[in-house]
Amino acid sequence: MQEQIQAIREHYDADPKKEWDRLQKFHPHEKYITLRMMERSIRPGDSILDIGGGPGHYAIHFAKAGHAVTLLDLSGENVKFAKKKARQYGVRITALQGDALDLSRFQDASFDQVFLMGPLYHLMNEDARIRAILEAKRVLKPGGCLFCSFILMFGGVIYGLRELPETIFWPGEQEYYEIAARGEGASFEAFTYANMTTVSDVEKLFSLIPGLKKETVFGQESILAPYKNVLAKRPKKERLAWYDYALRFCEKEDYLTHTEHLMYVARKVQ
C-alpha cells in the first residue's frame, strides 16, 4: 500500500500543470457538466472539503462563488499549484497535503459538503475505498452531500477508440479490452495505480455504506466523451450548446457508459 501511495504521489508531483490543463484545455465539457450538476445541491455559504482536489479547479470555482473551501491532496506539488492558482484568481482557499484515508485533522461533521473526486480511482482494493468514503462521511455534516468520482472500465475503451485505435491489436492491451467486454472492473497499473469500475459495482459499493442516501449518479462527460476531439474543433458557441444538450442525458441510466468518469452523489442522513 505504501509503495502504491508513493508512486501515485510521485505521478502527480511530476506535473501538476498537466492535470490543470486536462480540465482547462482538453476536457472542459467534463468540468462544465460536473459543476452544473454539483451546483444543484450546494447552497450559498456552504463550507466545502475537496479531498483529492488536485491543482484546484473545483476548489477555486467554489471559492469564487463565496464558499469557504479546504483542499486536501496527496501531492505536495498539487497543493503548491492550487495555492498559486488561487492567488492568480484572487480567491482564498486552505490547501493542505494529506491522505484521503486519514482525515483525523478534521473533526466530525466539520463541512457542509465534501468532494471525493480523485482518490477512489487510485485505491486498489475495496476495503480502502470503503475506508475513504467512511472518513469523508465522518467529516460531513448531516444533510450535506458527498460527491464521489470514479473512472469507468468502459471509459478506457472509449479512450482507446478515440485516441489510440491501433491498441485493439496490441498484445499488452488485450486483457484490458477483454475485462471491459465482460462488464467487469479491475485494478492495475495504467497512467499510475488505478481502479476502473462499472456502474453496477459503484452501486454495490455504496450499498455497503450506512447512513448515506443516493441523490443521483451521472456521467461527468455525459454523452460527449467519445466526441471530445470533434467538439474541440467547433466554435465555442456550438460547443456550449452541446454541453447543455448533454446535461439532459447525464443522469439517464441508458447513457451512463458513454462517459469516462462517473459521479455518485449521496446525502448524509445519519
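Me: Which residue does D112 form a salt bridge with?
Reply: D112 forms one with K141, and their closest N and O atoms are 3.3 Å apart. The two come from distant parts of the chain, 29 residues apart: D112 is in the loop between β3 (94–97) and β4 (113–116), and K141 is in the loop between α6 (126–139) and β5. A salt bridge here is a side-chain nitrogen of Lys or Arg within 4 Å of a carboxyl oxygen of Asp or Glu. Helices (H or I, at least four residues) and strands (E, at least two) are DSSP runs, numbered from the N terminus.

Me: Before I go on, what kind of model is this?
Reply: It is a predicted model, where local features need pLDDT of at least 70 and side-chain atom pairs count only at pLDDT 80 or more, while totals for chains, interfaces and linings use all residues. Residues are numbered from 1 along each chain as its sequence is written, and side-chain values use heavy atoms, with hydrogens and water left out.

Me: Back to that pair. Is D112 buried or exposed?
Reply: D112 is buried, with a relative accessible area of 14%. K141 is partly exposed at 30%. Buried means under 20% relative accessible area, exposed means over 50%, and partly exposed lies in between (1.4 Å probe, protein chains only).

Me: How many salt bridges does the count come to?
Reply: The count comes to 18. One of the others is between E135 and R138, where the closest N and O atoms are 2.8 Å apart.

Me: Where do E135 and R138 lie?
Reply: Both are in helix α6, three residues apart, which is about one turn of the helix. E135 is buried at 15% relative accessibility, whereas R138 is partly exposed at 23%.

Me: And what about E203 and K214?
Reply: Their side chains meet in a salt bridge with an N to O distance of 2.7 Å. E203 lies in helix α9 (residues 199–207) and K214 in strand β8 (residues 212–219), so the pair ties together parts that are eleven residues apart in sequence. There is also a network: R162, E163, K228 and E260 are joined by salt bridges that share partners.

Me: Let's switch to strands. Why is β7 called largely enclosed?
Reply: Strand β7 covers residues 193–197, and five of the five are buried, so the rest of the structure largely encloses it. Both of its faces are covered: Y193, N195 and T197 are buried on one side, and A194 and M196 are buried on the other.

Me: In which sense do β5 and β7 pair?
Reply: Strand β5 (residues 145–152) and β7 pair in the parallel sense over two bridges. L152 has T197 as its bridge partner in β7. Two strands count as paired if DSSP finds at least two bridges between them.

Me: How many bridges join β6 to β7?
Reply: Four bridges join strand β6 (residues 186–189) to β7, and these two run antiparallel. A186 stands opposite M196 there, and a hairpin of three residues connects β6 to β7.

Me: New topic: which residues make the nonpolar surface patch?
Reply: Y159, L164, I168, F169 and W170 make it, and it is about 540 Å². Patches are made of residues with over 30% relative accessible area and no salt bridge; like charges are joined within 9 Å, nonpolar side chains (Val, Leu, Ile, Met, Phe, Trp, Tyr) within 5 Å. L164 is in the loop between α7 (153–163) and α8 (174–181), and it is partly exposed at 31% relative accessibility.

Me: What is A180 in contact with, leaving aside its neighbours within four places in sequence?
Reply: A180 is in contact with M153 and V157 (contact means heavy atoms within 4.5 Å). A180 is in helix α8 and is buried, with a relative accessible area of 14%. The C-alpha atoms of A180 and G155 are separated by 9.1 Å, and these residues are 25 apart along the chain.

Me: Zooming out, how many helices and strands are in the chain?
Reply: There are eleven helices and nine strands. The radius of gyration is 18 Å, close to the 18 Å that the globule rule gives for 270 residues, so the chain is as compact as a globular protein of that length. That radius is taken over C-alpha atoms, and the globule rule is 2.2 Å times the number of residues to the power 0.38. Of the 270 residues, 53% count as buried.

How values were computed. Accessible areas come from the Shrake-Rupley method with a 1.4 Å probe; for residues, only the protein chains shown count as cover.
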